[in-house]
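Please examine the sequence and the three-dimensional structure shown below. The paragraphs that follow lead through selected parts of the chain in turn.

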Amino acid sequence: YDNTDWELTNDNSNAQVMNWTCYNEIYSTPEFEALWGIMDYLNQRGITNGLVVNFQGPGPAWLGGTNLIAGYENEWAEMIASLFVYARNTRHLQFNLIAPNNEPDMNLGAYGSEGVGMSPSQYVTALRYLSRQFDSNGMGNVHFVVPDAQSDTWYLWPILADPEVMSKVARVGLHSYLDNGVDSWGIDAVLKGSAYPDLTFWMTEFNAWCSTCEDGETNTFCWEDYRDLASYLLYHLANGATAGIVWEGYDSYYRILNNWSCWGLFAASGRFDVPRIYTPRKNFYTFAQVTRFVRPGARRIGLGGSSGSLQMLAFYHPDTGQLTLTGVNPGSSPVSLSGTLTSLPDVPLLDLYYTDN
């Protein structure tokens, strides 16, 4: 949700008491009707546990705008929690995961901010209050995907050190726009060596970087960039990520920059077209070489020996019996692959699917 500035005037002076006369009016506006409509549509498609609402952009001026004023952590938590209390109790929407603050470390100055700016310690305080807000409103089963920061580990360490916040953390969320899995490398070992060894992490934003996409001009990706989206995903999966969410699904208006974002897997026909037509870019197909075949519940399995120049991973789905070998050929010439399948049930048939420029 973009931006997090909907409570323009404080609902009251008590962060422990939600003023529903105020909130009911806010949450029945056209902008929020669009949010409820999207959530309801996803619920109707069977997406409940997989629905994650993320908040982006600065907060209202009385909370500090781009940076949260110290001492207002519970007021921020009340504002965030009120939306979900309304969504569940008034709109009867199904969800249990939220990403409460997008990139709290990315203050963009005059352009706004990716999220409400908070230091790592302040963010932990705010999350602690948010946890209590959900508990006191009968929504203790709502859990967090955090920290969703660019400087991930600076924010992750204090979160891991706070038992109250960790009682609400469902997944660690990381962002990366770098090659070779740089931002996810070592995270799996950190989590396994922590007090929460079963906790896993998602790449909640990743892609190859595109400066013109961010500036609302045009998507200038070439074939290598489209190919790299699949390569980046494989690096993160190899590092232990259990999900990858590409930024972004489709070209859209980017409120925090007051411009369009052109990162989408689906390109918009025109910003003012009615209706607007979306068509897939080439990275939709390279991304699908993983997402179409490595389905939820699949497990990454070992590969031995040498695959030469190929970047490869293997997956096996214990429920469907599907084996998937997926990879990227970084060169321009075909590469032969040979090997033996061991420690697997019988695999009588292999099909080949590929995407090229």
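The model is a predicted one. The phi angle of His92 is positive, about 55 degrees, although the residue is not a glycine. With a relative accessible area of 60%, His92 is exposed, because the term applies to residues over 50%.

Helix H3, which comprises residues 73–89, may now be considered together with helix H4, residues 120–136. The axes of these two helices come within 8 Å and cross at roughly 45 degrees. H3 is therefore oblique to H4. The crossing of H3 and H4 is right-handed. On the side of H3, the residues that meet H4 are Glu73, Asn74, Trp76, Ala77, Glu78, Ile80, Ala81 and Phe84. Their partners in H4 are Gln122, Tyr123, Thr125, Ala126, Tyr129, Leu130, Gln133 and Phe134. Sorted by class, the contact of H3 with H4 has ten nonpolar, four polar and two charged residues.

H4 itself deserves attention. At 1.5 Å a residue, its 17 residues should span 24 Å, and the end C-alpha atoms of H4 are 25 Å apart, which agrees. Which residues of H4 are buried? They are Gln122, Tyr123, Val124, Ala126, Leu127, Leu130, Ser131, Gln133 and Phe134. The cover over these buried residues includes H3, strand S2 (97–99), strand S3 (143–147), helix H5 (152–160) and helix H6 (163–166). After H4 comes Gly138, whose phi is positive, near 70 degrees.

One of the elements that cover H4 is H5. The axes of H4 and H5 come within 9 Å and cross at roughly 45 degrees. H4 is therefore oblique to H5. The crossing of H4 and H5 is right-handed. H4 contributes Pro120, Tyr123, Val124 and Leu127 to the contact, while H5 contributes Trp154, Tyr155, Pro158 and Ile159. By class, the contact of H4 with H5 has eight nonpolar residues, no polar and no charged.

The loop between S2 and H4 comes next. Glu103 is found in this loop, and its relative accessibility of 2% means that Glu103 counts as buried. Apart from neighbours within four places in sequence, Glu103 is in contact with Glu114, Gly115, Asp148, Ala149, Gln150, His175 and Glu205. Pro104 also lies in the loop between S2 and H4 and is buried, with a relative accessible area of 4%. Pro104 and Glu114 are ten residues apart in sequence, and their C-alpha atoms are 7.0 Å apart in space. Among the residues that Pro104 touches, leaving out those up to four places away in sequence, are Tyr123, Asp148 and Tyr155.

Asp148 lies in the loop between S3 and H5. Its phi is near 55 degrees, a positive value in a residue other than glycine. Is Asp148 buried or exposed? At 2% relative accessibility, Asp148 counts as buried.

The bond from Trp247 to Glu248 is cis, with omega near 0 degrees, and Glu248 is placed in the loop between strand S6 (244–246) and strand S7 (252–254). The bond from Val274 to Pro275 is cis, with omega near -5 degrees. Pro275 is found in the loop between strand S9 (266–268) and strand S10 (278–280).

Technical notes
Residues are numbered from 1 along each chain as its sequence is written. This is a predicted model: local features need pLDDT of at least 70, side-chain atom pairs count only at pLDDT 80 or more; totals for chains, interfaces and linings use all residues. Side-chain values use heavy atoms; hydrogens and water are left out. Axes are lines fitted to C-alpha atoms, for helices over the stretch in contact, and angles run from 0 to 180 degrees between N-to-C directions. Helices (H or I, at least four residues) and strands (E, at least two) are DSSP runs, numbered from the N terminus. Angles under 35 degrees count as roughly parallel, over 145 as roughly antiparallel, 65 to 115 as roughly perpendicular and the rest as oblique. A crossing is left-handed if the near helix is turned anticlockwise from the far one by less than a right angle, and right-handed if clockwise. Contact means heavy atoms within 4.5 Å. Ala, Val, Leu, Ile, Met, Phe, Trp, Tyr, Cys and Pro count as nonpolar, Asp, Glu, Lys and Arg as charged, and the others, Gly among them, as polar. The expected span of a helix is 1.5 Å times one less than its number of residues. Buried means under 20% relative accessible area, exposed over 50%, partly exposed in between (1.4 Å probe, protein chains only).
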